[in-house]
Amino acid sequence: MTLELRNLRKTYTDGTGEGSVDALSTINLTVREGEFLSVVGPSGCGKSTMLRIIAGLEQPTTGAVFINGEQLEDPWGRVGFVFQEYALFPWRTVSENVEFGLELKNIPGKERRRKALEYINKFGMGGFEDTYPRDLSGGMKQRVAIARTLITNPSIILMDEPFGSLDSQTRNALQEFLLTVWQNSRKTIIFVTHNIDEAVFLSQRVIGFSDRPGSIKLSLEIGIPAPRDRTSADFNRYRKEILSFLQQQSTAGR
Amino acid sequence: MNYFKEKSRLLFPLLLLLLWQAVSTLGLLPSSKIPSPVQIISGIKELALVGLPSGSSLFMHCFESLLRVTAGFTMAAAIGIPLGILIGWLRFLRNMLTPIIETIRPIPPLAWIPLAILWFGIGFKSAAFIIFLGCFFPILLSTISGVLSVDKILIEAAKTLGAKEKKIFLNVLVPAATPSIFTGIRIGLGIGWMTLVAAEFTGVKSGYGLGYMIMVARDIQRPDLVIGGMATIGLMGYLLDVALRKLEARMLQWR
């Protein structure tokens, strides 16, 4: 399942039609099947906009998204999305949240529940199936959100700074967890982050956005075999390269 | 500790009643205008046992009043909640109806009484209609604002999970707006209950109703019975709200 973005542009116009802001300027990108790709870049550079366009939450001004060469018309339910704010339904228990996508497919209640429990246990949340989100920690909420997305079996999972509001210990744990999920499911993942360490730790490839209007200025294959050691010289070399790229972008934007 | 707190909440009102009784006993209050708590309590007893007019017991008055409120309130909820959800969901409906709603809303329910009598005559229907008006707007407006304040990200999450319009409406919008709808129901019932008594002042056909009872007590110059009726109204309004709050806590466990 190759994902292709062809000549993607996004311009926001305000209501009067006078002021307009270019958010994305011509994005061309090919994501390999099963690839773990991270996107870094200055704040407001359009990384999230790109994800939202792929997910069908926004329309591009020009260009289109292709999957296996075919234009992606109806991404809802086929492209998963994990939000920084978790976006769990607070009135549903953990299990009911995970079951949501199956409910939409009219899968009968018993089977839904069975499948959801399987995911909940696999995600280390056993015993919490009947808990409401209000009683979960941030890390647990994000696990539930990932399970809720994964259970619908999307071909691509988009993650918009999913660990951005977690403390660093929880964050590291969830990164390890996500790697396991990815290795077992071999989904294509596009992962937006501000955290360089996270990008190097997780990704096969990191792309860097320029300041607004965003365009891809860096594409870096991370050639470190798993498991990756965050303190190794190799790791640091990649980290340094991305850091200096980001610094260039922020001075260019001044 | 909690037990003590519960008790201490009643302490101040009790002290106030005692003070009132003391002032009355000392003859500082004209009992023909402001009867003492003891007189009022015996008045309530009389209302319950003898009835006013004689034979029409307090219980029956309460029952009839509750019936009218239930009728008006149920109608208000049955129309207000679905309409509110639709208005919140559909922008064109909102633009179309908001000016009308905002013009009718400031008209006090009591100002509708003459029209209600012209339409429905004196009796159950008129009273229920007035109560309906009292309940309707708080329920409608809270529902609209509940739908409007639904976190957009929940709708987006539902979309990416494959939900279409209808499912988003039923599975996201409605449950997300429920707390706000409940607030509207509680405010609506409170206002409906207040409106009821005034509606009953204009007359009832059945010969029952707390408002009607109070008017009879005034006609026979019995302030103890008037205040006794008022106290009953207050207490029942309070109990209704407690019951609703219990229901709310049960239905919205997730909060």
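## Overall architecture of chain A

Helices, of at least four residues, and strands, of at least two, are taken here as DSSP runs numbered from the N terminus. On that basis, chain A of this predicted model has seven helices and 10 strands.

The C-alpha atoms of chain A occupy a box of roughly 55 × 50 × 35 Å along the principal axes.

## The open sheet of chain A

In chain A, four strands form an open sheet with antiparallel pairing, in the order β2-β1-β4-β5. Its edges are formed by β2 (20-31) and β5 (70-71) of chain A, each of which pairs on one side only.

Within this sheet, strand β1 (residues 3-13) and strand β4 (residues 62-67) of chain A pair in the antiparallel sense through five bridges. A:Leu3 lies opposite A:Ile67 of β4(A).

## Helix packing in chain B

In chain B, helix α7 (residues 152-160) packs with helix α8 (residues 165-201) at an angle of about 155°, and their axes are 10 Å apart. Angles over 145 degrees count as roughly antiparallel, and α7(B) and α8(B) are therefore roughly antiparallel to each other. The crossing of these two helices, α7(B) and α8(B), is right-handed.

From α7(B), the residues B:Leu154, B:Ile155, B:Ala158 and B:Lys159 meet B:Ile168, B:Asn171, B:Val172 and B:Ala176 of α8(B). Classified by residue type, the contact of α7(B) with α8(B) comprises six nonpolar, one polar and one charged residues.

Terms used. Residues numbered from 1 in each chain as written. Chains lettered and ligands numbered in written order. Predicted model: local features only at pLDDT ≥ 70, side-chain atom pairs only at ≥ 80, totals over all residues. Axes fitted to C-alpha atoms, helices over the stretch in contact; angles between N-to-C directions. Parallel < 35°, antiparallel > 145°, perpendicular 65-115°, else oblique. Left-handed = near helix turned anticlockwise from the far one by under 90°. Contact = placed C-beta atoms within 7 Å. Nonpolar A, V, L, I, M, F, W, Y, C, P; charged D, E, K, R; others polar. Pairing = 2+ DSSP bridges.
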